[in-house]
Every structure is written in C-alpha cells, then in structure tokens.
Amino acid sequence: MINVKSAGEVEVMARAAAIVVDAMREARRRAEPGSSTAALDHAVRKTIEGAGARPAFLGYMGFPASSCISLNAEVVHGIPSPDRILVEGDVVSVDVGVLLDGYYADAAFTVALGDGAAELLACGRRCLENAVAQCRAVNRLGDVSHVIEKTAQEGGFDVVREYVGHGIGAKMHEEPQVPNYGLPGRGPRLVSGMALALEPMVVTGDWRTKVSGDKWTVVTQDGGLSAHFEHTVVITDDEPRVLTRGWEEFV
Ligand code: MG
C-alpha cells in the first residue's frame, strides 16, 4: 500500500529534509583531498544531532555510520572510515538520511575532487531533475522511472538496476519501489501526498553491481565510475515539492 501523507506529515518531513541539506553542506565543505571519509561522516552526525534529530542510517540493519560515503566505483552504502583518505580525482557520493519527530527525509549528492567525471555528474543531475519533473499527479510511476533510464542512456551512460528509489515517510523505505528504469504509462498512478525518494545511480560502464567484502559497499562489477543523486519529493496537485532542495547550491 502506498501511504499518502497529510499536510502536517509533509511539514515534519520538510523539517527533516532541511536538516539533511544542512548535514550535506557540512560534508561537502570537508570533501577535499586529505580528508578522511569518517571526518565527513562526523560532521554529518554532529549537524543532525545538533538539530535535535537522529541520523536515519546509524544502526539501520547494523550500519555503523550516519552517512553512506561511496567513492569512484562504489555505487552506494560505502562505510565512512578514518583510514579512507580522499585524493584528487576521487568521485565522492554522500547519502544522508534524517529521522525527526517520527518522519524521514533522504538525499544524496556526488562531487568530483578535481575536473574528472564532469559528464557523468551532469548526466546524473539531469536524470534526477527530469525525474522530479515527472512527479505530477497525472503521471504514473513508470513515467518517472523511464525518464531516468532514458536520460542516462542519452548521455551515454546506464543506470543501476539492483538498487532503487522508494516511498518515504514514517518509514525510511515505504512502497512503492522506484526503479531507475521502466516503461512510461505503467505502474501506480501518482497522487497528491505521495512522498518518493528518487535516486538515480548512473554508471560509466555496465550496470551490474556486487557487494564488497565489508557486506555493505555496493560496487560496479566492471570497476566503472558511479554517481548517485537523490531528492525526497512530494506529489502535489500542482508542481512537485522537492523537500531536500538546496544541496545543488554547494555541489
Ligand atoms: Mg534513499
């Protein structure tokens, strides 16, 4: 069943989302050669807890950190570590979730340290923006999925199939699943009050992934680069409301 949120629930999610963006800003500020990924994560945790909220990922199925930080061929679910030192040229994805007053918000960005991967990053952002634009009550979920796949492929890239976006609200992962590929005109109809975490994962090579030895970090099988962008979006009777809007300014 797909939960439809009340206006009051959406406002709590919007407050959670503002904390997500603040935490992402702090992570972005520290994403430079010489920093450890744990230093970014520490800033994320401090920002979230300082705002009176909880890091949604910390302890989730045993995940040991407040953010997922995934480098280069890592797609998602990278574990921050004091031993993981960023270097020039790294492609750094930061994924942050917040729980506030019983509701979740979730977002992610990717940056390159240096000039690399510019086309991949631009394409990933285009995928997300085009997906947001499809979040209208006249559309079906397949319209959102399809435009992500189409945008990635038009850019010369592909999308990961094995991990998907999701409904979000009183749980971090709610129905429906939001694949980054699909057919237009298919799937559930979007209705006002639905909240979706859209999260295209765009890769330079083949889309197949595997889970690495730490049991969390998802990497591309062929070692190709990956970029991940995510917004928490609410369907309205009019324009989609992007609750996590704001990270674009510092990414
Ligand atoms: Mg998510």
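**Notes on the sheet, the hairpin and the metal site**

1. In this predicted model, three strands form an open sheet in the order E3-E12-E11, with antiparallel pairing. Strands E3 (74-76) and E11 (209-211) stand at the edges and each has a single partner strand, so one side of each is left without a neighbour in the sheet. Neighbouring strands of this sheet are turned by 40° against each other on average, direction ignored. Strands here are DSSP runs of E of at least two residues, numbered from the N terminus, and two strands pair if DSSP finds at least two bridges between them.

2. E3 is joined by two bridges to strand E12 (residues 218-220), and the two run antiparallel; Glu-74 stands opposite Val-219 in E12.

3. E7 (residues 165-167) and E8 (residues 174-178) run antiparallel and are joined by three bridges, forming a hairpin with six residues between them. Gly-165 has Val-178 in E8 as its bridge partner.

4. The magnesium ion has as protein donors Asp-106 (OD), His-166 (NE2), Glu-199 (OE) and Glu-230 (OE), lying 2.2 to 2.4 Å from it. Donors are N, O and S atoms within 2.8 Å of the metal (3.2 Å for Na, K and Ca), and water is not among the atoms, so sites may look incomplete. His-166 lies in strand E7 and Glu-199 in the loop between strands E9 (195-198) and E10 (201-203), 33 residues apart.

5. His-166 counts as buried at 4% relative accessibility, and Glu-199 counts as buried at 7%, where buried means under 20% relative accessible area (1.4 Å probe, protein chains only).

6. Residues are numbered from 1 along each chain as its sequence is written, and side-chain values use heavy atoms, with hydrogens and water left out. Local features need pLDDT of at least 70, side-chain atom pairs count only at pLDDT 80 or more, and totals for chains, interfaces and linings use all residues.

Methods. Helix = DSSP H or I, 4+ residues; strand = E, 2+ residues; numbered from the N terminus. Axes fitted to C-alpha atoms, helices over the stretch in contact; angles between N-to-C directions. Buried < 20%, exposed > 50% of the residue type's maximum accessible area, 1.4 Å probe, protein only.
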